[in-house]
Amino acid sequence: MVPVDYYILLSAILFTIGVTGVLVRRNALIIFMSIELMLNSANLAIVAFSSVIKSFSGQIFVFFVIAVAAAEVAVGLALIVEIFKSRRSIDVDQMSSMKG
Amino acid sequence: MTLDLALFLLLALVAIASALGMLLSGNAVYSALFLVLNFITVAVFYLMLGAPFIAMAQITVYAGAIMVLFLFVIMLLGAESLPKSNVLPWQRPLAIGLSLLLFAEAVYLLVTKATPEGNILPPAETVNATENLQHLGVALFTDYLLPFEVVSILLLVAMVGAIILTKKEKGAAK
């Protein structure tokens, strides 16, 4: 038996690592991966809470989050490929102008 | 210490270490592989929480589909690592400080305000896989039917969007 606090604490740690990744790294792909990590940590907290209150709603919510994440990754990676085509780099420091 | 708790602590260690590996690795391919490991440990957590369907969806969708897409794009672009640059030298320490502040806030709220109660029992005592699937399926196609259809449209829009974004325009000067 594991107290639910432990799961929430683990979720907080993973979320913080994801935030740090978004803020620190310059590679657009790794920023994307960090966003996925944050989504995952939120999912973990949702499932932990739904397991405590013995409800299925949390699991269904997580299922929807996974579907939305898949859609987001498809569009986001297409955008990154387009940016790479026009700039030959995916360094976010170099994407400083709105002009395509 | 029960077996359950020991397993949790061990897996938590793996999850945090692989997340840090993703963050610190200089090569994007290694980062993606560390993230796959992290997703699989999270899937095992879902199993321990009595959510076998979500665990399998996590492995097939995240570790299987999404990360393969990531690896494919990394190798397509040849963008494993970036050259060093010093555009914003003050940004990195500031970012780390702010992240630690966020973590401190989260822990403070967890300890003082949220104080979630209850224990996670080993799943064998609370749920079995067939029952879980049955309940999920019934709930998904009755109470959550409209969100389900909206998600299907969202996936269609994302697919069309990705195709249009990457398609070469006809007659465009290349």
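# A tour of chains A and B

Start by selecting α2(A): this helix has 25 residues and spans 37 Å from its first C-alpha to its last, close to the 36 Å expected at 1.5 Å a residue. The expected span is 1.5 Å times one less than the number of residues. Helices (H or I, at least four residues) and strands (E, at least two) are DSSP runs, numbered from the N terminus.

Before going on, note that this is a predicted model, in which local features need pLDDT of at least 70 and side-chain atom pairs count only at pLDDT 80 or more, while totals for chains, interfaces and linings use all residues. Residues are numbered from 1 along each chain as its sequence is written, and chains are lettered from A and ligands numbered from 1 in the order in which they are written.

**Stay on α2(A).** Is this helix mostly covered or mostly open? Mostly covered: 18 of its 25 residues are buried. A residue is buried if 20 or more other C-beta atoms lie within 10 Å of its own, exposed if 12 or fewer, and partly exposed in between, with C-beta atoms placed from the backbone. Just after the helix, select A:K54, which has a positive phi of about 55°.

**Widen to chain A.** Three helices and one strand make up its elements, in the order β-α-α-α along the sequence. Of its 100 residues, 47% are buried. The C-alpha trace spans about 50 × 25 × 20 Å along its principal axes. Chain A has a radius of gyration of 17 Å, whereas a compact globule of 100 residues would have one near 13 Å. That radius is taken over C-alpha atoms, and the globule rule is 2.2 Å times the number of residues to the power 0.38.

**Switch to chain B.** Here there are seven helices and one strand, running α-α-α-α-β-α-α-α from the N terminus. Buried residues account for 23% of the 174 residues of chain B.

**Show where the chains touch.** The contact takes 70 residues from chain B and 58 residues from chain A; two residues are in contact if their C-beta atoms, placed from the backbone, lie within 7 Å. Which helix gives the most to the side of chain B that touches chain A? That is α3(B), with twelve residues. By class, this side of chain B has 56 nonpolar, twelve polar and two charged residues. Ala, Val, Leu, Ile, Met, Phe, Trp, Tyr, Cys and Pro count as nonpolar, Asp, Glu, Lys and Arg as charged, and the others, Gly among them, as polar.

**Find the paired strands.** Select β1 of chain A (residues 2-3) and β1(B): two bridges join them, and they run antiparallel. Strands pair if DSSP finds at least two bridges between them. A:V2 stands opposite B:I120.

**Finish in the core.** The largest nonpolar core has 59 residues, and A:L29, A:M33 and B:Y46 have the most contacts inside it. Such a core is a set of buried Ala, Val, Leu, Ile, Met, Phe, Trp, Tyr and Cys residues joined through C-beta atoms within 7 Å. The largest share of this core, eleven residues, comes from α2(B). Last, select B:Y46: leaving aside neighbours within four places in sequence, B:Y46 is in contact with A:V47, B:A51, B:I54, B:A55 and B:Q58.
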